[in-house]
Amino acid sequence: MTKFIAKRILLSLATLFVILFILFLLLQFMPGSPFNDEKLTAAQQAVLMAKYGLDKPFFIRFWIYLQNVVLRGDFGISYAIKKDMLVSGIVIARLGTSVRIGLQALLLGVSLGVLFGVISGSKRNTWMDSMATVAAVIGVSIPSYVLALVLSFVLGYKFRIFSITYQVDQPLWSSILPTIALSFFVMAQTTRFLRTELIEVLASDYVKLVDAKGVARPKVILRHGLRNAMISVITILGPLTVNLMTGSLVVERVYGIPGIGSLLVEGIQVNDYNVIIMIAFVYSALYIFVNLIVDILYGVIDPRIRVAKGG
Amino acid sequence: MKHLKRLLLSLVVLVLAVGCAPAKEETEQVLRIAKDNDVSSLDTNVATDGLSFEVIKTFTEGLMEYDADGNIVPGVALDYEVSADGTVYTFNLRDDAKWSNGDPVTAADFVFSWRRLVDPALATEYSYMAEGIMIKNATAVIKGEKPLTELGVAALDATTFQVTLDAAVPYFIQLMTFPVFHPLNEAFVTAKGDAYAKSADALLSNGPWVVTEWTEGTKIRVEKNDTYWNADEISLDAIEFLIIKDYQTAALQFENGEVDMAKISADLVDRYKDEDFFETKKLGYTWYVAPNQLVAELQNENLRLALATSFDKSFITESILHDGSNVADYIVPIGLATGPDGKDFRDGAETFLSFDAAKALEYWNAAKAELGVETLTLELLVDDAADTKAVSEFLQTEWQTNLPGLTVTIQVQPKKNRLQLMRDGTYQLGLTRWGPDYADPFTYLGDLFQTGVNYNYGRFSDAEYDALVQSTAPGGALSTDAAARWAALHEAEAILLEQAGILPTWQSGEAMLVNPDVSGYEFHVVGQPSYRNVVKK
């Protein structure tokens with residue numbers, strides 16, 4: 001297992017290097033420059049490009065950038081959004097909020113999803129099953145930003161239970177609405193997958209055997225059914241995390257959350273290269289990390305699946 | 001099932017434990033303003049965007065300031081003298097102006113700030129303004145050809161600041177209200193080094209308020225500065241700039257009483273336009289279509305005239321934008337500049353290129369005959385913003401309907417790319433705008449449409465126009481004869497528009513929700529809004 005994890009980590013690092021290179025390369029092809037303001041003359045633009053070293057050849061710039069990233073964790077400075085400030089400082093100040101709300105949504109979504117999945121999978125074709133299925137269909141079809149707007153209108157504006165915008169001094173309370181908005185899709189997907197898988201598992205021979213032995217039904221479902229069915233949930237954790245990241249771009253805007261999603265959008269609009277690179281890099285790293293965890297979890301939950309030989 | 005119940009129970013407990021939102025209690029006067037963008041820098045010399053300047057204005061003060069009616073009144077300066085040829089300004093500073101650390105504000109603080117503005121090592125974007133007002137040696141210093149000490153500024157003594165210009169600049173004094181020319185405390189800036197102006201505690205104030213909180217992507221709070229010389233006249237205890245990018249959210253926050261002022265987008269105007277807290281104001285931006293005269297067909301005057309007069313501008317302002325924008329049959333906007341006669345430049349001035357479908361058709365037929373074509377396809381380049389996209393679709397429809405045989409395609413680009421394409425001259429028709437930096441028609445007529453200037457995207461060129469505008473430029477033949485200069489500027493505008501050198505479209509407005517308990521908010525068409533006289537009941 002240790003060997004397997006070590007190998008995966010090495011592979012992840014190599015992937016991140018390639019990602020950094022591709023990001024750097026892609027931004028070369030982005031039209032315009034960060035200093036493309038109405039009022040700057042061509043001479044001034046040239047001075048600014050030189051000041052930030054943007055006039056040097058591509059590979060030299062990449063080499064310098066790579067060294068700064070690896071040795072100092074320095075992703076360069078912002079050209080437009082926060083002039084001359086370190087991008088790492090800006091991103092780190094916002095990363096915590098984004099990741100926390102994302103994790104809250106994942107936790108809430110998966111918990112509710114497992115609950116509904118177990119209910120509808122084990123009480124198949126009852127009213128509870130129908131309810132859970134309907135909720136799942138709605139959750140999959142409504143985009144998170146629509147839900148975000150509805151929630152802030154009803155709970156924030158009409159009934160004034162929650163704050164409409166995210167408040168830095170009340171980080172938990174004011175993050176409840178965005179958490180719910182983001183978790184809905186996670187909940188729906190988890191419910192759907194778990195239900196299907198649970199029905200299949202509960203119909204299998206080994207569960208019938210346990211049943212025949214006279215083990216209590218709840219125990220059968222949780223111990224034998226759920227544990228096996230959870231594999232399917234873990235499989236979709238990776239894609240769900242990606243969905244949370246992209247969903248957060250809009251949800252952050254609606255609730256005024258100072259997160260990295262909204263920062264990325266802004267960075268792209270104003271050609272703030274280093275901001276774009278660092279956030280895209282962080283997103284990639286998060287995604288790779290989640291996938292690594294998922295692979296490890298496979299092994300923990302189901303010893304039959306061990307990716308590496310002898311792991 | 002026991003596990004499930006426990007899980008459910010713990011979730012309920014978690015939600016309850018987070019608790020109810022504590023109620024806010026308020027005794028001090030705090031103005032809360034929702035902003036749709038964030039500040040990019042609070043460094044006086046480095047900042048470039050509107051919000052940054054607006055915030056900087058709350059905690060710094062320049063030589064001169066605007067009063068409620070838009071007149072220029074003394075700030076840190078008590079008064080000033082101008083030499084007979086208009087090239088040397090000597091400012092006498094008040095001796096009771098202080099920095100928030102107790103230091104006096106001196107002439108040396110202005111010298112330091114102005115030199116820093118043109119320092120090639122800092123390479124500030126707004127250094128061009130020092131060139132624009134023709135400070136002696138500014139251009140050479142910016143290029144690194146002369147040392148900073150050669151810049152035409154001097155501290156004659158602690159309270160006497162002198163500026164030497166290369167030529168008389170008619171709008172010099174009003175630019176002294178502009179934040180990039182505000183003073184900086186050298187000892188403080190030097191001590192902070194690279195960290196200067198990058199956090200709330202790395203800033204010093206000589207204005208009505210001082211920055212006490214700057215939270216990334218969330219808010220900036222300024223609180224009353226007791227060391228400010230005129231602190232007794234300031235009524236607001238604090239101002240909070242809250243970054244809320246979504247207009248819908250900002251409007252809901254306004255309705256909940258969480259913010260006092262919020263800008264809203266066109267789609268929200270219908271919901272609020274009859275409320276007593278709904279306000280619109282005119283901005284100094286004129287939007288226009290620049291026809292690129294590098295494109296052979298667009299060199300045809302009749303074609304440009306046909307394009308300019310064939311769309312109903314009032315539909316754009318009333319049905320698409322409806323935010324207080326108005327039809328622009330001119331280029332120098334209403335409210336931009338007051339002339340020597342004390343009247344606005346537009347007051348009683350001629351208008352041009354009004355919508356007239358019948359006349360447009362005549363121009364179009366003439367153009368087709370001259371060009372020897374029956375059909376023509378043109379491409380319109382626009383920003384990817386919601387309002388400009390909507391306007392471009394309307395223009396497309398109007399042009400294709402009123403000028404039969406014309407096909408217009410639309411190319412949507414992010415603003416920075418759009419600017420690049422227009423600058424390179426690789427476009428046909430481009431919808432663009434200009435934000436004035438100073439209250440003088442020259443910011444439009446001189447900076448935009450002379451032959452060969454940087455922002456003359458459409459490559460408009462007319463010898464008579466160039467000569468007239470040159471005579472009104474700093475150091476030009478008319479630079480000290482205000483009345484004749486004004487007449488020349490009117491004439492230049494006529495030359496530009498009578499041949500449809502550009503196609504004026506609308507003058508921007510802005511729709512806002514403003515708490516009726518707030519009074520004394522001063523908005524200026526050029527320059528930053530002022531909160532000095534704001535009172536919140």
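## A friendly tour of a two-chain predicted model

The secondary structure of chain A comes to eleven helices and zero strands. Keep in mind as you look around that this is a predicted model.

### Chain A as a whole

From the N terminus on, chain A simply runs from one α element to the next. Its C-alpha atoms fill a box of roughly 85 × 60 × 30 Å along the principal axes. Of the 311 residues in chain A, 51% count as buried.

Chain A is divided into domain 1 (2–87) and domain 2 (89–301). Taken over C-alpha atoms, the centres of these two domains of chain A are 32 Å apart. To their contact, domain 1 of chain A gives 30 residues and domain 2 of chain A gives 24 residues. Together the two domains of chain A bury about 2500 Å² between them, with 73% of that area on carbon and sulfur atoms. Which three residues of domain 1 of chain A supply more of its buried area than any other three? They are A:Leu27, A:Ile81 and A:Val87, which supply 26% of the area that domain 1 of chain A buries against domain 2 of chain A.

| Helix | Residues | Number of residues | Span, first to last C-alpha | Expected span at 1.5 Å a residue |
|---|---|---|---|---|
| α3 of chain A | 58–72 | 15 residues | 21 Å | 21 Å |
| α17 of chain B | 482–498 | 17 residues | 24 Å | 24 Å |

Let us start with α3(A). Its buried residues are A:Phe58, A:Arg61, A:Phe62, A:Tyr65, A:Leu66, A:Asn68 and A:Val69. Seen down the axis of α3(A), these buried residues fall within an arc of 165°, so they line one face of the helix. The face of α3(A) turned away from the buried side carries the exposed residues A:Phe59, A:Trp63, A:Val70, A:Leu71 and A:Arg72. What covers the buried residues of α3(A) includes α1 (2–28) and α11 of chain A. After α3(A) comes A:Gly73, with a positive phi near 65°.

Now turn to α17(B). Among its buried residues are B:Trp486, B:Leu489, B:Glu493 and B:Ile495. Which elements of chain B do the buried residues of α17(B) pack against? They pack against α15 (442–449), α16 (463–472) and β17 (503–514) of chain B. Just after α17(B), B:Ala500 takes a positive phi of about 50°.

In soluble globular proteins, nonpolar side chains tend to be buried together. The largest nonpolar core in this model has 186 residues, and those touching the most other members are B:Phe91, B:Trp114, B:Ile135, B:Phe161, B:Phe172, B:Phe181 and B:Trp399. Its largest share, eleven residues, comes from helix α11 (residues 273–301) of chain A. The core also draws at least three residues from each of domain 1 and domain 2 of chain A.

Take B:Trp114 as an example. Leaving aside neighbours within four places in sequence, B:Trp114 is in contact with several residues, including B:Ile135, B:Phe161, B:Phe172 and B:Phe181. Apart from this core lies another, of 43 residues, among them A:Val186, A:Met230, A:Val251 and A:Val294.

### Some loop residues in chain B

Most residues other than glycine have a negative phi, and most peptide bonds are trans. Against that background, B:Met134 has a positive phi of about 60° although it is not a glycine. B:Met134 lies in the loop between α4 (128–132) and α5 (138–142) of chain B. With a relative accessible area of 26%, B:Met134 is partly exposed.

B:Ala197 also has a positive phi, near 65°, and lies in the loop between α7 (186–192) and β8 (209–215) of chain B. Is B:Ala197 buried or exposed? At 4% relative accessibility, B:Ala197 counts as buried, because the cut-off for that label is under 20%.

Finally, B:Lys192 lies in helix α7 of chain B. B:Lys192 and B:Ala202 are ten residues apart in sequence and 6.7 Å apart in space, C-alpha to C-alpha. Not counting residues up to four places away in sequence, B:Lys192 touches B:Asp201 and B:Ala202. At 32% relative accessibility, B:Lys192 counts as partly exposed.

Key. Residues numbered from 1 in each chain as written. Chains lettered and ligands numbered in written order. Predicted model: local features only at pLDDT ≥ 70, side-chain atom pairs only at ≥ 80, totals over all residues. Heavy atoms only, no water. Core = buried A, V, L, I, M, F, W, Y, C linked by side-chain atoms within 4.5 Å. Buried < 20%, exposed > 50% of the residue type's maximum accessible area, 1.4 Å probe, protein only. Helix = DSSP H or I, 4+ residues; strand = E, 2+ residues; numbered from the N terminus. Domains from an automatic or database assignment. Contact = heavy atoms within 4.5 Å. Expected span 1.5 Å × (residues − 1). Arc of directions from axis to C-beta. Buried area = accessible area lost by both parts, 1.4 Å probe.
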